[in-house]
Amino acid sequence: MDWITDVFLHATTETYCGRSIWRLAPNLIESFERWEQTTWKYVFQVPRILSKDMYEARDGLIAAFTAYFGQAKTTRADANYFVTTSEQELRDIAFDDNDVGKVHMLQYWAIKSNAHKMTFWMFAYMLHNPQLLERIRQEVAPGVVNGTLNVPYLTEQCPRLEWLFLEVLRLKMSSSLMRYVTEPTVVGGKVLARGHNVMVPIGNYISTRMFG
């Protein structure tokens with residue numbers, strides 16, 4: 001998992017922000033991993049005195065992006081369109097470097113939080129099943145021509161790769177929803193009082209009747 005995380009997050013971070021981000025924040029990936037491990041404290045609004053690790057990780061990410069957006073644009077000209085456009089829209093409504101850094105920290109979290117985990121489990125299942133690995137290798141081979149990805153082919157003509165993705169999503173997805181109780185509500189004979197948050201777990205679909 002550490003190898004997948006390092007390779008995937010470094011590549012996607014550089015794709016979005018360009019190489020200058022590493023000069024300003026060489027420990028960005030480590031801060032992001034600590035943030036991911038402690039975000040439940042953010043979601044549940046755990047008091048700061050019990051959330052030092054979460055706040056340190058969050059503040060480290062914000063400081064990194066604040067410094068990044070404090071650079072002259074000419075020094076980060078290799079950032080992609082999404083980053084430059086979203087920054088300009090925030091500048092247009094008078095956001096300063098710190099404000100832009102905070103917004104981008106949340107965008108970074110949304111962009112990076114799931115893909116590397118999905119990639120890890122896809123690799124794990126293929127390495128565990130050499131026959132599956134060989135079939136997917138053969139299937140995706142035409143999708144790489146002279147080092148260039150043929151994205152339409154990979155997304156539309158590779159059913160085994162798609163099945164692997166969907167099965168990993170089915171078996172390994174673990175999430176929850178948060179809902180705010182706006183009025184007294186009875187669930188299972190219990191009254192949920194107004195003003196409270198409710199956590200709703202999302203279970204995996206593992207019924208043998210449906211999936212064999």
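Predicted model: local features only at pLDDT ≥ 70, side-chain atom pairs only at ≥ 80, totals over all residues.
## Packing of α3 and α4

Two packed helices are described by the angle between their axes and the distance between the axes. For helix α3, residues 28-43, and helix α4, residues 52-70, the angle is about 135 degrees and the axes lie 8 Å apart.

On the α3 side, the contact is made by Leu28, Ser31, Phe32, Arg34, Trp35, Thr38, Lys41 and Tyr42. On the α4 side, Asp53, Met54, Ala57, Arg58, Leu61, Ala64 and Phe65 take part. By class, the residues of this contact between α3 and α4 are nine nonpolar, two polar and four charged.

## Packing of α1 and α7

Helix α1, residues 2-17, packs with α7 at an angle of about 135 degrees, and the two axes are 9 Å apart. α1 and α7 are therefore oblique to each other as well. The crossing of α1 with α7 is right-handed.

From α1, the residues in contact are Ile4, Thr5, Phe8 and Leu9. They meet Ala115, His116, Thr119, Phe120 and Phe123 of α7. The contact of α1 with α7 holds six nonpolar and three polar residues, and no charged ones.

## Largest pocket

The largest pocket has a volume of about 750 Å³. Its lining consists of 21 residues, and Ser113, Asn114, Lys117, Ser174 and Ser175 are the closest to the centre. Two or more lining residues come from each of α3, α7 (115-128), α10 (159-172) and β3 (175-180).

Sorted by class, the lining of the largest pocket comprises twelve nonpolar, six polar and three charged residues.

## Second largest pocket

In the second largest pocket the volume is about 650 Å³. There are 17 lining residues, and those nearest the centre are Met122, Ile136, Val140, Leu154 and Leu161. The elements giving two or more residues to this lining are α7, α8 (130-140), α9 (151-156) and α10. Of these, α7 gives the most, with five residues.

The lining of the second largest pocket is made up of 13 nonpolar, two polar and two charged residues.

Key. Residues numbered from 1 in each chain as written. Heavy atoms only, no water. Axes fitted to C-alpha atoms, helices over the stretch in contact; angles between N-to-C directions. Helix = DSSP H or I, 4+ residues; strand = E, 2+ residues; numbered from the N terminus. Contact = heavy atoms within 4.5 Å. Nonpolar A, V, L, I, M, F, W, Y, C, P; charged D, E, K, R; others polar. 1 Å grid on protein atoms, 1.4 Å probe; cavity = no way out; pocket = protein on both sides within 12 Å on 5 of 7 lines; lining within 4 Å. Points joined across faces, edges and corners; volume = space filled by probe spheres on them. Parallel < 35°, antiparallel > 145°, perpendicular 65-115°, else oblique. Left-handed = near helix turned anticlockwise from the far one by under 90°.
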